Amino acid sequence: MSQLWSPAVQALTPYVPGEQPTERVIKLNTNENPYPPAPGVGEVLREFATDHLRLYPDPTSHALRSALANSFGVETPQVFSGNGSDEVLAFAFQAFFCHGAPLDVPTITYSFYPVYAKLYGIELRQHPLNEQWEVDLDALAEAPSRSGVIFANPNAPTGHAHSLAALEALLERVTDRVVLIDEAYVDFGADSAVALTQRYPNLLVTGTFSKSRSLAGIRLGYAVGSRELIEGLERVKDSFNSYPVDSLASRVGIAALEDHAHFEACREHVITTRERTRSRLESLGFDVLPSKANFILAQHPAFDGAPLFAGLRERGILVRHFNKAGLENFLRISIGTDDEMDSLIEALESLIH
Ligand code: PMP
């Protein structure tokens, strides 16, 4: 550790992402999409090298932001884009959550939030999930003076999603600070709160192209909110006052947004495979939390998670093992292709029999 680093950076425990395999494995550990992106993406890539690589990107990311705005039925100045939603979230922490009061979050949620809170010196006030493993919206709403509220819907790694009515009830109660709803997984069966941004000027919704659009490699994320909130993000964004997204990511993102049929087919396939996997895991004796995301969280009452995780790994199947307070002994399994899930079930069968 270097004394030249700021104290917050010295104290920082960086977010540890799922491991990247070096050999060919069945990779079910970081919630990627098992299917390729929209075919139009390939055409964009071919044409891009000759026509566009030598030029700087549009500093306002206008084409991408207006394509996103169109798809959400909002105005372009209500959309922000960044290098993955992680970057958009980082900007949001700086822009909205540094008021010197605690930020309200669930105890179990995306593990990136505590990393940024620490980096920006933001105290977290953590609220346990309720007995059904749901984010406790009442507890979030009831908390006294705060810097803001953040949670993922569907939540990670539980997969539970609240209804729009429940989200709206929260927004009726929290009006003083920004409520950030992270919708990284919303396309796999949950309702998006984007439309609510038109009525609640303190609501920021973030999303990503990494999951339902199969573009995790390109780093593309966005936020939708009132003009006031988007202007706040624009104030903190990096590099010569430009939008951070490069021109290749913009064009690829637009191509993905244009292919609605591919998007629908792909997400429906993931949802069907998820439900099939869930019932097969249940028939092996696993308790599986209901999920509206492209992963499931499962636990076997008779087997520890650690040897199951290790046994799967030996068989070339990567999943995540969670074993922390409030989330003991769980495996989080991303939804892959049907063949990949068959291999997973087969491997688990051999490990528990
Ligand atoms: N939010 C949640 C809840 C996530 O799980 C992830 C990815 N692990 C992200 C945001 C970030 O996604 P990306 O940076 O790829 O857009």
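**Around the ligand**

The largest share of the shell around the ligand, 3 residues, is supplied by helix H4 (residues 84–96), where helices (H or I, at least four residues) and strands (E, at least two) are DSSP runs numbered from the N terminus. This is a predicted model, in which local features need pLDDT of at least 70 and side-chain atom pairs count only at pLDDT 80 or more, while totals for chains, interfaces and linings use all residues. Residues are numbered from 1 along each chain as its sequence is written.

Among the residues around the ligand are Gly84, Ser85, Asp86, Asp182 and Thr208, a residue being near a molecule if its C-beta atom, placed from the backbone, lies within 6 Å of it.

**Lys211**

UniProt, in an unreviewed entry, lists Lys211 for "modified residue: N6-(pyridoxal phosphate)lysine"; such annotations may be inferred rather than shown by experiment. Lys211 sits in the loop between strand E7 (203–208) and strand E8 (221–224).

Lys211 counts as buried because it has 25 C-beta neighbours inside 10 Å, the cut-offs being 20 or more other C-beta atoms within 10 Å for buried, 12 or fewer for exposed, and partly exposed in between. Not counting residues up to four places away in sequence, Lys211 touches Asn31, Asn33, Ala184, Tyr185, Asp187 and Asn294, where contact requires C-beta atoms, placed from the backbone, within 7 Å.

**An open sheet**

Four strands form an open sheet in the order E9-E10-E13-E12, with antiparallel pairing, and two strands pair if DSSP finds at least two bridges between them. Its edge strands, each pairing on one side only, are strand E9 (287–288) and strand E12 (320–324). E9 is joined by 2 bridges to strand E10 (residues 295–299), and Val288 stands opposite Ala298 in E10.

Key: Contact = placed C-beta atoms within 7 Å.
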